[in-house]
Amino acid sequence: MNKGHLSHGAPLFTYFNQEREIKSLSVEIEKLKNPETLGPPSYMEELREENSKLKYRLNILKRSLQEEQSECSQSMININQRLQEVFGNAIRAAYPDLENPPLAVTPNQQPKFGDYQCNSAMAMAQMMKAKGQKVNPREIAETVMKNIPDNDIIQKLEIAGPGFINIHLKKDFVSKLLTNLLRNGVKPPAVEAKKKVVVDFSSPNIAKEMHVGHLRSTIIGDSMCRLFEFLGHDVLRLNHVGDWGTQFGMLIAHLQDKFPDYLTVSPPIGDLQGFYKESKKRFDNEEDFKKRAYQCVVRLQSKEPEFIKAWNLICDVSRQEFQKVYDCLDVKLIERGESYYQDMMTTVVKEFEDKGLVEMDEGRKIVFTPGLPLPLTIVKSDGGFTYDTSDLAALKQRLMEEKADIIIYVTDSGQGVHFQVVFAAAQMIGWYDPNVTRVEHAGFGVVLGEDKKKFKTRSGDTVRLMDLLEEGLKRSMDKLKDKERDKVLTPEELQAAQTSVAFGCIKYADLSHNRINDYVFSFDKMLDDRGNTAAYLLYAFTRIRSIARLANIEDATLRKAAETTELVLDHEKEWKLGKCILRFPEILQKILEDLLLHTLCDYLYELATTFTEFYDTCYCVEKDRQTGEVVKVNMWRMLLCEVTAAVMAEGFDILGIKPVHRM
């Protein structure tokens, strides 16, 4: 039987037949539960017997359907989700009158007590107590256990303590999943439906340098996009740059004075930051210049060709600077700045006015949302629009035109309240229902220097991002030379290792902290190859990848072995590693829910350390002590090395880290 897809004749037919039979059996059982549909009492015994036969048949069918799904699916299976289905069904069967019973299944922290644990009984006892029923949680656990049919996952169940149910997985189930993983590669766990996801991240301001705050938004946003893309969703990566507003008036006026022939000769603005500072100084000190700057804003907003040209020139200089950063970090974005939404803002204001949601406040037009003290200002007293207006227009465009199912804004936590009000206004006016569409602000803390103060240069200026990335490259090369890697690697390999370590470490240092907290930027810490750092993980990865190479085992041999070798998980370290590898889909599911990427970093670190334990205890390749010749290769352990590396590689890819073959 072909295990790749369901679309191969017989298996597909069986699959749908079983689905149909399960439905009709369930209907039969429901009928039997209903006394009105039953005849005289003499039939009752027969019917009871019939009922238990049907239930038995139903369980067999459900089980074979489960196995069919495991066999036929190329996707990685989320074991935790599977166990939740099994326990969810058992809890509903045991306590049908309990509304929304709590379902808690987690990996067991102590392996001697099993692999997973269901902790629902205690919470269920609390719920029942509130209804005036006093039941011992252990008793609840026993009743739940009795309602769990035989299945392909669970070897045995035990009750511990006040009512924990310890779950021991079947060895051959875990072994089968690992074999599937080897044969099919790391495929994403199945998602219910493909969704349209918009992620708004990075978003620097034109004519200003990108700083470490933009670095966090860029790294976190890119990694979120990579996760949604890996899971098969349609992702729109948007760069909401600040490319409109009053500051362009002073920039254009200064451009006209400094480069009067800008329309015919491209002005050599090398240092846009300096150019910005000069124009700001004139704006603050020269009254005539200030007046001209305001006129330039009006003429730009009227879209006069030469003003649009000046504006484009300034934006282009900035874009080139931003692109250098994006190229280093390997980040792809579609620029859609505030200017894109200019024409939509008028419509948005009119819509709020037509619905009677606008109040006047000293010449400003403001909008209050239910339960929130701060209003949005959608028109200033001088008639101009604000950030509030452009964020509302952008949100509406993403909902109505992009038809987004999920919209995520990745900015610093300081903007949390602003987005809370914007989202509330959009719900109030009926643009979206939060139960259907997920609109979320994924905030993050500030970057601190090693002195635990805001990250600045020695002179107190904001740190330029390109300077920071170049410093990372320099430090990374120093580190590699300290370890004398320049003596064993070719110049190309050394350069690949340098960029991999430099940018990998900067990204990982950010992503491995809970994004909500502030984090201390320290090159020394991030380049340390001990502990939970990218340097350690990249070294661990290249080491795993080199095991087969050093034993002279070809890729083709490994591929063939994956088809024929059974993965034996008899040693406790093999078992521990096998289970750890298979937790990958659970980790991704959790991040999908809370958007906290440090969970993936913690998992990769755990996987690398679990692998080291396995490798130090279980020989994979035996060599002759005298000659160094390979005497014996343990193939299933070599395959465990392969599958560990495959999952690590996918994890790195989601984090935007590029491992190298030699380091």
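Close-up 1. Tyr603 is buried, with a relative accessible area of 1%; buried here means under 20% relative accessible area, with exposed being over 50% and partly exposed in between (1.4 Å probe, protein chains only). Phe584 is buried too, with a relative accessible area of 1%. This is a predicted model, in which local features need pLDDT of at least 70 and side-chain atom pairs count only at pLDDT 80 or more, while totals for chains, interfaces and linings use all residues. Residues are numbered from 1 along each chain as its sequence is written, and side-chain values use heavy atoms, with hydrogens and water left out.

**Close-up 2. Aromatic pairs.** Rings of Phe, Tyr and Trp (its six-membered ring) pair if their centres lie within 6.5 Å; planes under 30 degrees apart count as stacked, over 60 as edge-to-face and the rest as tilted. That rule gives a count of 16 aromatic pairs. One of them is tilted, because the rings of Tyr409 and Phe423 have their centres 5.5 Å apart and their planes at 45°. Tyr409 belongs to strand E11 and Phe423 to helix H14 (residues 416-428), so this pair ties together parts that are 14 residues apart in sequence. Helices (H or I, at least four residues) and strands (E, at least two) are DSSP runs, numbered from the N terminus. Both Tyr409 and Phe423 are buried. Phe584 and Tyr603, in turn, are stacked, at 6.0 Å centre to centre with 25° between the planes. Their pair links distant parts of the chain, with Phe584 in helix H21 (residues 584-594) and Tyr603 in helix H22 (residues 598-617), 19 residues apart.

**Close-up 3. The five-stranded sheet.** Follow the order E7-E6-E5-E11-E12 through this open sheet of five strands with parallel pairing; two strands pair if DSSP finds at least two bridges between them. Strands E7 (334-335) and E12 (438-441) stand at the edges with a single partner strand each, so one side of each is left without a neighbour in the sheet. E5 (residues 196-200) and E6 (residues 234-239) pair in the parallel sense over five bridges, and Lys196 stands opposite Asp234 in E6.

**Close-up 4. The hairpin of E3 and E4.** Strands E3 (residues 154-160) and E4 (residues 164-169) pair in the antiparallel sense over six bridges. Look for Leu157 opposite Ile167 in E4. Three residues lie between the strands, and Gly161 takes a positive phi near 55° in this hairpin.
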